[in-house]
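The entries below keep the order in which I worked.

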Amino acid sequence: MFDNVNGVELTVFAVLFAAVSALGFVAARWRKAETLEHLDEWGLGGRNFGSWITWFLIGGDLYTAYTFVAVPALVFGAGAIGFFAVPYTIVVYPILFLVLIRLWSVSHVHGFVTPADFVRARHGSSTLALLVAITGIVATMPYIALQLVGIEAVLKAMGVTGHVPIIVAFAILAAYTYNSGLRAPALIAFVKDALIYVVIIIAIIVIPYKLGGWDVIFGAAEKKFAESPNPADGVLLPGPAQLQYATLALGSALALFLYPHSITGVLASRDRNVIKRNMAALPAYSFVLGLLALLGYMAIAAGIKPITNNAGKVDSNTIVPLLFDNMFPSWFAGIAFAAIGIGALVPAAIMSIAAANLWTRNIYKEYLNKDATPAQEAKSSKIASLVVKVGALLAILALDPQFSIDLQLIGGVIILQTLPAVAIALFTGWFHRWALVAGWAAGMLVGFLTLYQIQQKVFGPDGTVTIAKQHFGGSAFPLSKLGFDTTTTIYAGVLALLANLVVCVVGTWILRAVKVPDGEDTTRTSEYFADRDDPRVHDVPEVVH
Amino acid sequence: MAIREPADPASTPPSTARAERNDRSRWNWLLILPLLATLIPPLYNRENPRLFDIPFFYWYQLAAIAIGVSTTLIVYRKTRA
């Protein structure tokens, strides 16, 4: 398990890891509440986070360890297309600026904890709420599992093998999340981001200097892609990939805030201004992500060879850790590895809390224990957060990690199918509840069918093309499969969303025409504008039975 | 679950009325700018001019982050509660 381990790296890593774990436990006493036995406290940190905490919390939530490892790996392997992460995180904030403040207001009037709570009240449909809740849980689980892939990549680069270290790391994470709730990742996010910023700023200055400048770095990348027979790679986007690039950026942006864990971060903020201010300040992370993506090219120029796993498959996720290992003294590499490792803990904690809240509010309380007290709700969420994490751990250890990567790809497409019921519904109550259910089903169907048909091809140096994966080989769907005479590809999620929207609109017309009764909308227009000093807004909901 | 309602709609506090006006402000249209700047790849999918030896494709998109930040900041300041 510890053969060929770099002792200095591992020591620095372990010390930092232990320090933030201690912080996670202490967090229960930070901004102390009267009780943690309430979902608004355990699951939303008291709904009272100001601008700074929210910035660190949402930033720590969205820019995950997996992002830090996988985006440069994609740039390393395919070039320009991997840079989609930058336009994606540019467009997400202007799009959400007006959406999230409305969600905040109506949620704070009604005491909603999850997006499915809102769906239930807006459309008067518990079926739709259940679908949204299940979609959220299913989409989030593989995302948690992928955080483990991030930690694993770092451990591999340090020479640590075997499953025990991952199990220990996740057990610690599970324990302090159980103990402190959302306060733990909020506090740890400060450390995580400080480490990430320091590491990236130093890396982006030192590595190009050592390699001989950006000219050399991009030169090496151009040479690699010129020699590669794959028509889809390159330092610039090949023509047919441009639509894929734009739709992938847009689709990912729309999906991002439908994930329950990002909504958790938003609902935990204090007022509307905190959200607006954050939409302006969060792109600071986009800049870091852009610089990180360029590490992929630096790895090419530095001649990094990704580690091959026991099954003989190349694990390109190891290139960033290997680059740090190669370029920096052991103590600094140790800090960089800790930054990535801790970067996995924050989102994993928030995601498990969000999935647990969905379980508690929309399944447990709705179907299993209608009269649950706030303390019972908190207890149910705490236990569910443990179950979710064990599930993620098993998914990585017992199954091929590739399975989680495929699932996460599907997860982005399926979470997008809740857009009409959650995001568009914040602006209009026009859609019929059963049309939304039908649209959701249509989107799911199209999403699966398109992803299923996408193959992953491997281009041999002698010009041969082999199919590495028959199905779920990526998210770029060739429009030629729809009968268009073109090599252009499009992001499968956007295609599925279009089908969804068409069915929602047409379905609403038909259902109104045949006079199928609408659901009762228990929200009022003015509630979508309520701010902190509106008497209807309360931090902790007073539920009157 | 019953929710507390104000006694009558007229008691909606001024802050809520202000928020409603702000949410309908024309300044919000500015938010389209960063979308146009980044979601049309033919605008920037080129190598030259380079900046510090970095191809246009990359430095343009990094610079576009500033467009996103400044438009969002302007809209925030113009529509702040």
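**Entry 1: the model and chain B.** I note at the outset that this is a predicted model. I looked up the secondary structure of chain B and found three helices and zero strands, which read along the sequence as α-α-α. Chain B has 81 residues, of which 41% count as buried, and it exposes about 4,600 Å², with carbon and sulfur atoms supplying 64% of that area. I also checked how far apart in sequence the contacting residues of chain B lie: among contacts between residues at least 6 apart, 53% join residues at least 24 apart.

**Entry 2: the interface.** How many residues of chain B are in contact with chain A? I found 46 residues of chain B in contact with 55 residues of chain A, and the two chains bury about 4,500 Å² between them, 66% of it on carbon and sulfur atoms. The rule finds five residue pairs in polar contact across this interface, both residues of each pair being at pLDDT 80 or more. The elements giving two or more residues to the side of chain B that touches chain A are α1 (14–23), α2 (32–38) and α3 (56–78) of chain B. The largest share of that side, eleven residues, comes from α3(B).

**Entry 3: the nonpolar core.** I then turned to the largest nonpolar core, which has 199 residues, and those with the most contacts inside it are Tyr297(A), Met298(A) and Tyr58(B). Leaving aside neighbours within four places in sequence, I listed the contacts of Tyr58(B), which are Gly79(A), Ala80(A), Phe83(A), Phe218(A), Val235(A), Leu294(A) and Tyr297(A).

**Entry 4: the salt bridge between the chains.** Over all chains the count comes to nine salt bridges. Glu222(A) lies in helix α10 (residues 214–227) of chain A and Arg50(B) in the loop between α2 and α3 of chain B, so this pair joins two chains. Their closest N and O atoms are 3.2 Å apart, and the rule finds one salt bridge across the interface of chain B and chain A. Glu222(A) is partly exposed at a relative accessible area of 30%, and Arg50(B) is partly exposed at 28%. Arg50(B) also meets Glu47(B) in a salt bridge, at 2.5 Å from N to O, and Glu47(B) counts as partly exposed at 28% relative accessibility.

Entry 5: I looked next at Lys365(A) and Glu377(A), whose side chains meet in a salt bridge at 3.5 Å, N to O. Lys365(A) is in helix α16 (residues 330–368) and Glu377(A) in helix α17 (residues 374–398), the two being twelve residues apart. Glu377(A) is buried, with a relative accessible area of 7%.

**Entry 6: His123(A).** Is His123(A) buried or exposed? His123(A), placed in helix α6 (residues 115–123) of chain A, counts as buried because its relative accessibility is 5%, and buried means under 20%. Its side chain reaches the backbone oxygen of Ala421(A) at 3.1 Å. Leaving aside neighbours within four places in sequence, I found His123(A) in contact with several residues, among them Leu128(A), Ala425(A), Arg433(A) and Glu520(A).

Key. Residues are numbered from 1 along each chain as its sequence is written. Chains are lettered from A and ligands numbered from 1 in the order in which they are written. This is a predicted model: local features need pLDDT of at least 70, side-chain atom pairs count only at pLDDT 80 or more; totals for chains, interfaces and linings use all residues. Side-chain values use heavy atoms; hydrogens and water are left out. Helices (H or I, at least four residues) and strands (E, at least two) are DSSP runs, numbered from the N terminus. Buried means under 20% relative accessible area, exposed over 50%, partly exposed in between (1.4 Å probe, protein chains only). Contact means heavy atoms within 4.5 Å. Accessible areas come from the Shrake-Rupley method with a 1.4 Å probe; for residues, only the protein chains shown count as cover. A nonpolar core is a set of buried Ala, Val, Leu, Ile, Met, Phe, Trp, Tyr and Cys residues joined through side-chain atoms within 4.5 Å. Buried area is the accessible area (1.4 Å probe) that two parts lose on being put together, summed over both. A salt bridge is a side-chain nitrogen of Lys or Arg within 4 Å of a carboxyl oxygen of Asp or Glu. A polar contact is a pair of N or O atoms within 3.5 Å; within protein, one must be able to donate a hydrogen and the other to accept it, and residues adjacent in sequence count only if both atoms are side-chain atoms.
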